[in-house]
Amino acid sequence: MVGLRPADVPPTAAVKFVGAGTAACIADLLTFPLDTAKVRLQVKSERGAASLLKYRGVFGTIITIVRTEGPRSLYSGLVAGLQRQMSFASVRIGLYDSFKQFYTKGSDHAGIGSRLLAGCTTGGMAVALAQPTDVVKVRFQAQARSHEHARRYCGTIDAYKTIAKEEGIRGLWKGTGPNIARNAIVNCTELVTYDFIKDLLLTSTPMSDNLPCHFVSAFGAGLCTTVIASPVDVVKTRYMNSALGQYSGVLSCAAAMMTKEGPLAFYKGFMPSFLRLGTWNVIMFVTYEQLKRALMAANHSRTTLL
């Protein structure tokens with residue numbers, strides 16, 4: 001390693017793991033209000049006509065939440081959200097390159113198949129690990145802080161305990177099926193698209209591996225992911241937030257949405273989803289690339305001294 005510049009030193013799996021989790025937490029902090037608006041719009045039909053009038057559009061929903069519940073409600077569930085990102089993004093993003101290399105047997109040229117396999121693998125692993133944090137996050141974001149709606153949980157730890165007590169341990173893994181489907185789709189679309197666009201820019205344009213390249217790649221990945229993953233995301237949110245026994249299963253939830261609200265119901269909250277996911281992708285991937293370089297430089301300096 002001595003004599004190599006930091007840019008020449010390949011990042012280790014540990015560097016990618018820590019960098020991905022940290023970058024995802026930073027992205028969540030900055031985009032969480034958009035995520036809360038998305039969840040409210042996705043579940044609003046379950047609250048009756050009053051809710052349909054209450055939430056209109058992305059920014060209208062944010063303004064309504066601030067006016068009726070206070071600005072802190074935009075960050076309801078943030079603790080669980082950060083817990084989710086540290087355990088979730090670290091695995092699905094941080095270990096993606098490692099699994100891609102595993103499926104290509106160390107080759108530098110990864111095909112679409114290897115990238116898709118790596119995305120599905122890390123996405124599934126991440127859901128299995130972080131599902132309880134996702135359930136609690138969605139429950140907090142969906143509950144309105146007002147006199148009309150009694151709060152279901154008074155804190156993050158209370159939410160974990162209450163769900164486990166009332167719904168059993170399985171309640172903490174509620175919606176794992178649609179979440180695995182959603183995250184397999186999201187992970188594959190997001191990471192493979194980012195990977196593909198970045199490679200295309202580096203090989204077919206004068207762009208180098210720098211901020212503009214990362215920005216364009218992340219924005220394109222966010223748009224593609226939102227279009228493909230929105231239907232599964234809406235079903236996942238509805239099912240995870242549903243009362244015990246409201247739906248007999250994920251397919252029952254999807255069928256009820258189609259019957260009562262029509263196919264457009266699967267794209268409810270699309271604009272906040274895109275604003276949130278597009279912004280999240282840009283912040284996350286740009287921060288992740290910078291953190292990787294910083295961690296690699298620090299590791300290089302330490303190795304050189306040793």
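Let's start at Leu172, which is found in helix 8 (residues 169-172). The model is a predicted one.

Is Leu172 buried or exposed? Its relative accessible area is 10%, and because the limit for buried is under 20%, Leu172 counts as buried. Setting aside neighbours within four places in sequence, Leu172 is in contact with Gln131, Pro132, Val135, Tyr160, Ile163 and Ala164. As for Lys161, it lies eleven residues from Leu172 in sequence, with 9.5 Å between their C-alpha atoms.

Helix 6 (residues 112-142) packs against helix 9 (residues 176-204) at an angle of about 135 degrees, and their axes are 7 Å apart. That angle makes helix 6 oblique to helix 9, and their crossing is right-handed. Nine nonpolar, eight polar and four charged residues make up this contact.

How far can you trust the details? The chain has an average pLDDT of 83, and 89% of the residues score at least 70. Confidence is highest in helix 11 (residues 250-261), at a mean of 91, and lowest in helix 2 (residues 49-54), at 51.

| Stretch | pLDDT | Contacts beyond four places in sequence |
|---|---|---|
| residues 1-6 | under 50 | ten contacts |
| residues 49-53 | under 50 | three contacts |

Where pLDDT is low, predicted coordinates should not be read in detail.

Methods:
Residues are numbered from 1 along each chain as its sequence is written. This is a predicted model: local features need pLDDT of at least 70, side-chain atom pairs count only at pLDDT 80 or more; totals for chains, interfaces and linings use all residues. Side-chain values use heavy atoms; hydrogens and water are left out. Axes are lines fitted to C-alpha atoms, for helices over the stretch in contact, and angles run from 0 to 180 degrees between N-to-C directions. Helices (H or I, at least four residues) and strands (E, at least two) are DSSP runs, numbered from the N terminus. Angles under 35 degrees count as roughly parallel, over 145 as roughly antiparallel, 65 to 115 as roughly perpendicular and the rest as oblique. A crossing is left-handed if the near helix is turned anticlockwise from the far one by less than a right angle, and right-handed if clockwise. Ala, Val, Leu, Ile, Met, Phe, Trp, Tyr, Cys and Pro count as nonpolar, Asp, Glu, Lys and Arg as charged, and the others, Gly among them, as polar. pLDDT is the predictor's confidence in each residue, from 0 to 100. Contact means heavy atoms within 4.5 Å. Buried means under 20% relative accessible area, exposed over 50%, partly exposed in between (1.4 Å probe, protein chains only).
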